[in-house]
Amino acid sequence: MKIIGILLIIIGAAGIFMGSSMFGDIGIAAIIGATSALLSGIGFLLKTRKNSSQ
């Protein structure tokens, strides 16, 4: 779970960077997808941290 969270954060950050260099609607869609990957990665890491502390 921790590895998946870290990979999602890396992919999300790279996607935001690449989406900002795209034009038009495709760039907006890429940034939205990258943001959801970033938030999912943060959620995975927070859930992993919460489960390991119990």
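Leaving aside neighbours within four places in sequence, which residues is Gly 19 in contact with? The views below start from the whole chain and come back to that residue.

This is a predicted model, in which local features need pLDDT of at least 70 and side-chain atom pairs count only at pLDDT 80 or more, while totals for chains, interfaces and linings use all residues. Residues are numbered from 1 along each chain as its sequence is written, and side-chain values use heavy atoms, with hydrogens and water left out.

**View 1. The protein chain has two helices and zero strands.** Helices (H or I, at least four residues) and strands (E, at least two) are DSSP runs, numbered from the N terminus. The radius of gyration is 13 Å, well over the 10 Å that the globule rule gives for 54 residues, so the chain is more spread out than a compact globule. That radius is taken over C-alpha atoms, and the rule is 2.2 Å times the number of residues to the power 0.38. Along its principal axes, the C-alpha trace spans about 45 × 15 × 10 Å.

**View 2. Helix H2 has 30 residues.** From first C-alpha to last, H2 reaches 44 Å, close to the 44 Å expected at 1.5 Å a residue; the expected span is 1.5 Å times one less than the number of residues. Look along H2 for its buried residues, Gly 27, Ala 34, Ala 37 and Gly 41. Buried means under 20% relative accessible area, exposed over 50% and partly exposed in between (1.4 Å probe, protein chains only). What covers these buried residues of H2 includes H1.

**View 3. Gly 19 sits in helix H1 (residues 2-20).** Here is the reply to the opening question: Gly 19 is in contact with Gly 27, Ala 30 and Ile 31, leaving aside its neighbours within four places in sequence. Contact means heavy atoms within 4.5 Å. With a relative accessible area of 3%, Gly 19 is buried. Ile 32 is 13 residues from Gly 19 in sequence, and the two are 8.8 Å apart in space, C-alpha to C-alpha.

**View 4. Phe 23 lies in the loop between H1 and helix H2 (24-53).** Is Phe 23 buried or exposed? Phe 23 is exposed, with a relative accessible area of 75%. Follow the chain on to Ser 53, 30 residues from Phe 23 in sequence, and the C-alpha to C-alpha distance between the two is 44 Å.
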